[in-house]
Amino acid sequence: MIKILFVCHGNICRSPMAEFVMKDMVRKANLENQFVIESRAARHDELGNDTHYGTKAKLRQMGIPFAKRKATLLNKTDYAAYDYLIAMDAENVHDMLRLFGSDPDKKISMLLDFAGEKREVADPWYTGNFDETYDDVVKGCLGLLRFLQKRLV
């Protein structure tokens, strides 16, 4: 079982989008039973709130299923509980390192690293552009899935 945790600032836009996109991808690849995929917030701002309406609208437009949820906060036990801790931006990486103290098992990375790009996932909270965020998330999740499929063989 491969356990993935996506992390963004508030857990209402980018990380839940990545969670639901990745769940859809593994379902379509008939790999659902080999993955646990969740998301968390690095900061307290949006705790308890459902996924942002812009994220939900984009997921609906693309035919990707999602569920009602509440933003939850990253905690120290998540480091041991997950195999991959995937940040949307450098600030999320910083927050994780501050919480965990370090990354001895090299579990922390940024999503677009898996697409061969050294940049952050566009943040629709500031841009309002959920299309751009979706494109980044799909690109990163496809790269992550390809990377992980090699480890499942």
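Colleague: Is the crossing of helix 1 and helix 2 left-handed or right-handed?

Modeller: This is a predicted model, in which local features need pLDDT of at least 70 and side-chain atom pairs count only at pLDDT 80 or more, while totals for chains, interfaces and linings use all residues. Helices (H or I, at least four residues) and strands (E, at least two) are DSSP runs, numbered from the N terminus. A crossing is left-handed if the near helix is turned anticlockwise from the far one by less than a right angle, and right-handed if clockwise. By this rule, the crossing of helix 1 and helix 2 is right-handed.

Colleague: At what angle do helix 1 and helix 2 pack, and how is their arrangement described?

Modeller: Axes are lines fitted to C-alpha atoms, for helices over the stretch in contact, and angles run from 0 to 180 degrees between N-to-C directions. The axes of helix 1 (residues 14-28) and helix 2 (residues 53-61) are 10 Å apart, at an angle of about 20°. Angles under 35 degrees count as roughly parallel, over 145 as roughly antiparallel, 65 to 115 as roughly perpendicular and the rest as oblique. The arrangement of helix 1 and helix 2 is therefore roughly parallel.

Colleague: Which residues of helix 2 meet helix 1?

Modeller: Contact means heavy atoms within 4.5 Å; residues are numbered from 1 along each chain as its sequence is written, and side-chain values use heavy atoms, leaving out hydrogens and water. Helix 1 contributes M17, F20 and V21. Their partners in helix 2 are T55, K58 and L59.

Colleague: Is N11 buried or exposed?

Modeller: N11 lies in the loop between strand 1 and helix 1, and its phi is positive, about 65°, although it is not a glycine. Exposed means over 50% relative accessible area, with partly exposed in between (1.4 Å probe, protein chains only). The value for N11 is 0%, so N11 is buried.

Notes
Buried < 20%, exposed > 50% of the residue type's maximum accessible area, 1.4 Å probe, protein only.
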